[in-house]
Amino acid sequence: MAYDQKNIFAKILRGQIPCETVYEDDYVLAFEDINPQAPVHVLIIPKGPYENMTEFSTKATSEEKAAFIGAIGVVVKLKEIDESGYRTIVNNGDDSMQEVPHLHIHVLGGRRLGGLLSSSV
Ligand code: AMP
């Protein structure tokens with residue numbers, strides 16, 4: 001399926017809607033989730049048009065991949081959850097209930113996060 005240029009994170013990247021930036025470089029943008037599920041809830045997105053991790057892991061350049069992973073370490077230090085612990089989540093496609101079709105890593109922390117998966121379906 002073709003990348004949807006109208007998705008909300010594409011609009012954030014184009015500056016058409018605002019976000020609360022946590023970190024930015026040539027390849028990635030990290031910003032506060034609008035509906036935080038923990039005291040720290042940051043989203044990290046690549047600036048390139050990748051719908052999900054499958055697209056990114058098979059098509060992104062080495063520089064894009066390094067920046068995307070590297071941004072996790074930067075963000076958790078900026079948010080001071082590197083020592084207390086945190087969780088990274090990437091939803092991909094229907095079964096994961098991915099809502100926004102632009103790859104994003106959720107970085108969650110600041111409290112005990114509970115079990116890995118919700119028991120509800
Ligand atoms: P997912 O279900 O993995 O696709 O997660 C999408 C996430 O994007 C959710 O946690 C939303 O709260 C978040 N979100 C949606 N719109 C915005 C926005 N305009 N700014 C920041 N976060 C957003």
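**View 1. The shell around the ligand, by residue class.** By class, this shell holds eight nonpolar, five polar and three charged residues; Ala, Val, Leu, Ile, Met, Phe, Trp, Tyr, Cys and Pro count as nonpolar, Asp, Glu, Lys and Arg as charged, and the others, Gly among them, as polar. The model is predicted: local features need pLDDT of at least 70, side-chain atom pairs count only at pLDDT 80 or more, and totals for chains, interfaces and linings use all residues. Residues are numbered from 1 along each chain as its sequence is written, and side-chain values use heavy atoms, with hydrogens and water left out. The ligand is surrounded by 16 residues, the closest being D33, N91, E99, H104 and H106; a residue is near a molecule if one of its heavy atoms lies within 4 Å of it.

View 2. Oxygen atoms of the ligand lie 2.9 Å from a polar side-chain atom of N91 and 2.8 Å from one of H106. A polar backbone atom of I34 is 3.1 Å from a ligand nitrogen atom. A polar contact here is a pair of N or O atoms within 3.5 Å. On its own the ligand has 500 Å² of accessible area, of which the protein covers 86% (Shrake-Rupley method, 1.4 Å probe).

**View 3. Elements that contribute to the shell.** Two or more residues of the shell come from each of α1 (8-13) and β2 (28-32). The most come from α1, which gives three residues. The protein chain has three helices and five strands, in the order α-β-β-β-α-α-β-β along the sequence. Helices (H or I, at least four residues) and strands (E, at least two) are DSSP runs, numbered from the N terminus.

Notes:
Polar contact = N/O pair within 3.5 Å; in protein donor to acceptor, adjacent residues only side chain to side chain.
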